[in-house]
Amino acid sequence: MADGTSLTAIAEEKSVPSSFIRDEDERPKVAHNQFSNEIPVISLAGIEEDDGRREEICKKIVEVCEDWGIFQVVDHGIDSKLLSDMSRLSRDFFALPPEEKLHYNMAGGIANTRGGFSVSSHLQGETVQDWRELYIYYTYPINSRDYSRWPEKPQDLREVTEQYSEKVWDLARKLLEVLSEAMGLEKEALSKSCVEMEQRVVVNFYPKCAEPDLVLGLKRHTDPVTITLLLQDGVGGLQATRDNGETWITVPPVEGAFVVNLGDHAHYVSNGRFKSADHQAVVNSDCSRLSIAAFHNPTPEAVVYPLKVGEGEEPVLKEPMTFKDLYWGKMHQYIELARLKKLAKDQARQHALGR
Ligand SMILES: O=C(O)CCC(=O)C(=O)O
Ligand SMILES: [Fe+2]
């Protein structure tokens, strides 16, 4: 699929190809629009002020990072026009004919290209496909940008993506300062632990789907990064769990807000104090959905270890590892677990058939 077809081309059909169908235990448990207000929406107004507001805001952020690792922020200072332009132009890109999108196909996998278009995932070897198209931009450090991998159409998309990435980068750094302070460390501690922080902007497009109860837009995962800032449209579909997938909540879309997810790196450097958000995206049969994730993570060679281990606490990582090893270790584990699960299922089926 990833190297020949776009998903929008098959999304019109009445039933879903079997390669997208999830095992029952992985299927959505809660509808895309059954919203919960369990996750706070935190205003950042006054975060730079010394009048007590910063402390108040930091306290709220830290509480939810210990509890869920996911929350929303408003009054973050990024112009709403930039957010709506970014969403609109990104949507326009996915509405282009398949061949225009496939021109930027990441056919050789993420290791061989600096971004581009793909269906389902940027990883190779997945057993069940996600119901999404995606576009990855390498945005920071600036010398990682390869503008030939940024779409030329629609007009203005490149320029707007560049502006968007810069504003979101500043906001991510601001949030990392808050978390560093909460750990009793200097403001720059978390960004310094990334050595040279990287940013990737990933635009997810989930076409509407005739059988949304059988598929996932994006399978359950934690982001392998430090912090993700996600802009979602008004449709709904982002879900989080904090009991290992038993129960799920759907994060309500809030106009102009960013959803903030902590990733595995934040979990490790805080020695487990901050949760990495366990989440997935579901789709629906009424309309397509767009979300824009900006991932911020360490440079591949950065060594990951807990920055602070409290008295009597065990370190969550037995020994320091490079971010690259952590990242690929996790990706291979994902693929391998899915492969083993499929193998067991196939064997059970054969057995039932008496072969
Ligand atoms: O589309 C969403 O709401 C979730 C996206 C996401 O989790 C991701 O891109 O890692
Ligand atoms: Fe994610």
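Helix axes here are lines fitted to C-alpha atoms over the stretch in contact, and angles run from 0 to 180 degrees between N-to-C directions. The model is predicted. On that basis, helix H1 (residues 53–67) packs against H4 at about 80°, with the two axes 10 Å apart. H4 (residues 157–182) also crosses helix H2 (residues 80–94). An iron ion (ligand 2) is held by His221, Asp223 and His279. The points below take the helix contacts, the iron site, selected residues and the backbone in turn.

**Packing of H1 on H4**

- Angles of 65 to 115 degrees count as roughly perpendicular, so H1 and H4 are roughly perpendicular to each other.
- On the H1 side the contact is made by Arg54, Cys58, Ile61, Val62 and Cys65.
- On the H4 side the contributing residues are Leu175, Glu177, Val178, Leu179, Glu181 and Ala182.
- By class, the H1–H4 contact has eight nonpolar and three charged residues, and no polar ones.

**Packing of H2 on H4**

- The axes of H2 and H4 come within 10 Å and cross at roughly 135°.
- H2 and H4 are therefore oblique to each other.
- The crossing of H2 and H4 is left-handed.
- H2 contributes Leu82, Leu83, Asp85, Met86, Leu89, Ser90 and Phe93 to the contact.
- These residues meet Leu157, Val160, Thr161, Gln163, Tyr164 and Lys167 of H4.
- The H2–H4 contact divides into eight nonpolar, three polar and two charged residues.

**Iron site**

- The protein donors of the iron ion (ligand 2) are NE2 of His221, OD of Asp223 and NE2 of His279, at 2.1 to 2.2 Å from the ion.
- The spacing of the donor residues along the sequence is H-x1-D-x55-H.
- His221 belongs to strand S6 (residues 218–221) and His279 to strand S11 (residues 278–281), so the pair ties together parts that are 58 residues apart in sequence.
- His221 has a relative accessible area of 12% and is buried.
- His279 is also buried, at 4% relative accessibility.

**Arg200 in strand S5**

- Arg200 lies in strand S5 (residues 198–206).
- Its relative accessibility is 15%, and Arg200 counts as buried.
- Beyond its neighbours within four places in sequence, Arg200 is in contact with Tyr137, Tyr138, Thr139, Tyr140 and Ser144, and with Ala293, Ala294 and Phe295.
- Asn297 is 97 residues from Arg200 along the chain, and the C-alpha atoms of the two are separated by 8.7 Å.

**Arg88 in helix H2**

- Arg88 is a residue of helix H2.
- Arg88 counts as partly exposed, with 43% relative accessibility.
- Arg88 and Thr113 are 25 residues apart in sequence, and their C-alpha atoms are 25 Å apart.

**The loop between S4 and H4**

- Ser148 is in the loop between strand S4 (133–140) and H4.
- Leaving aside neighbours within four places in sequence, Ser148 is in contact with Tyr104 and Arg158.
- Ser148 and Ser18 are 130 residues apart in sequence, with a C-alpha to C-alpha distance of 35 Å.
- Pro141 lies in the loop between S4 and H4, and a cis peptide bond joins Tyr140 to Pro141, with omega about 0°.
- Pro154 is found in the loop between S4 and H4, and a cis peptide bond joins Lys153 to Pro154, with omega about -10°.

- Ser120 has a phi near 75°, a positive value in a residue other than glycine.
- Ser120 is placed in the loop between strand S3 (115–119) and S4.
- With 3% relative accessibility, Ser120 counts as buried.
- Val195 has a phi near 60°, likewise a positive value in a residue other than glycine.
- Val195 lies in the loop between helix H5 (189–193) and S5.
- Val195 is exposed, with a relative accessible area of 60%.

Methods. Residues numbered from 1 in each chain as written. Chains lettered and ligands numbered in written order. Predicted model: local features only at pLDDT ≥ 70, side-chain atom pairs only at ≥ 80, totals over all residues. Heavy atoms only, no water. Helix = DSSP H or I, 4+ residues; strand = E, 2+ residues; numbered from the N terminus. Parallel < 35°, antiparallel > 145°, perpendicular 65-115°, else oblique. Left-handed = near helix turned anticlockwise from the far one by under 90°. Contact = heavy atoms within 4.5 Å. Nonpolar A, V, L, I, M, F, W, Y, C, P; charged D, E, K, R; others polar. Donors = N, O, S within 2.8 Å, 3.2 Å for Na, K, Ca; no water. Buried < 20%, exposed > 50% of the residue type's maximum accessible area, 1.4 Å probe, protein only.
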